[in-house]
Amino acid sequence: MAKKLAKCSTYGNFRHGAVHARGGAIISLGINSEKYSSVGSKYRPEHKGHSTYHAEIAAILNLDRSQTKGAVMYVARASKGCNADRMSKPCKMCHAVMEERGISRVYYSIDDETIGTYKFKKDSDD
């Protein structure tokens with residue numbers, strides 16, 4: 001599903017899609033866009049430009065932490081002009097936002113045949 005979403009993005013060469021799931025159910029979806037993201041801005045270095053809606057942030061932006069804590073994020077990146085998967089490992093800004101919101105694990109496309117994954121540290125209030 002994240003790959004299908006990535007193909008819907010019109011954001012230049014970086015077409016990402018994200019699926020936020022919890023307990024096997026899809027909670028929300030997101031694609032990247034040029035829209036400004038104040039949530040990501042506190043984690044984005046100024047020299048990188050303004051923070052935009054990355055797919056991961058778009059998928060969890062207006063959700064309460066009770067909906068994101070312990071959830072899983074699936075992220076995919078589609079190549080512009082073809083169907084190939086590309087590296088979609090979350091950037092530092094997205095990683096920080098997902099960690100802050102309590103996401104437990106992220107899965108991301110590396111290429112057409114490879115998926116990467118990593119776990120976030122457990123919350124101190126668990």
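These legends accompany a set of close-up views of a predicted model.

**View 1. The salt bridge between arginine 101 and glutamate 100****.**
Let's start with charge: the count comes to 1 salt bridge. Arginine 101 and glutamate 100 are its partners, and their closest N and O atoms are 4.0 Å apart. The two residues are worth looking at one by one for their accessibility. Arginine 101 has a relative accessible area of 14% and is therefore buried, since buried means under 20%. Glutamate 100 reaches 30% relative accessibility, so this residue counts as partly exposed.

**View 2. Histidine 20 in strand E1****.**
Here we move to strand E1, which covers residues 15-22 and includes histidine 20. With a relative accessibility of 0%, histidine 20 counts as buried. What does the side chain of histidine 20 have at 3.3 Å from one of its polar atoms? It is the backbone oxygen of glutamine 67.

**View 3. The stacked pair of tyrosine 74 and tyrosine 107****.**
Now for the rings: the structure holds 3 aromatic pairs. One of them joins tyrosine 74 and tyrosine 107, with 5.2 Å from centre to centre and 10 degrees between the planes. That angle makes the pair stacked, because planes under 30 degrees apart count as such. Which parts of the chain does this pair tie together? Tyrosine 74 belongs to strand E5 (residues 72-78) and tyrosine 107 to strand E7 (residues 105-109), so the pair links parts that are 33 residues apart in sequence. Tyrosine 74 is partly exposed, at a relative accessible area of 36%. Tyrosine 107 is also partly exposed, and its value is 28%.

**View 4. An aromatic cluster of Tyr108, Tyr118 and Phe120****.**
Staying with aromatic residues, this view takes in three side chains. Tyr108, Tyr118 and Phe120 together make up one aromatic cluster.

Is glutamate 56 buried or exposed? Its relative accessible area is 3%, so glutamate 56 is buried.

Conventions
Residues are numbered from 1 along each chain as its sequence is written. This is a predicted model: local features need pLDDT of at least 70, side-chain atom pairs count only at pLDDT 80 or more; totals for chains, interfaces and linings use all residues. Side-chain values use heavy atoms; hydrogens and water are left out. A salt bridge is a side-chain nitrogen of Lys or Arg within 4 Å of a carboxyl oxygen of Asp or Glu. Buried means under 20% relative accessible area, exposed over 50%, partly exposed in between (1.4 Å probe, protein chains only). Helices (H or I, at least four residues) and strands (E, at least two) are DSSP runs, numbered from the N terminus. A polar contact is a pair of N or O atoms within 3.5 Å; within protein, one must be able to donate a hydrogen and the other to accept it, and residues adjacent in sequence count only if both atoms are side-chain atoms. Rings of Phe, Tyr and Trp (its six-membered ring) pair if their centres lie within 6.5 Å; planes under 30 degrees apart count as stacked, over 60 as edge-to-face and the rest as tilted.
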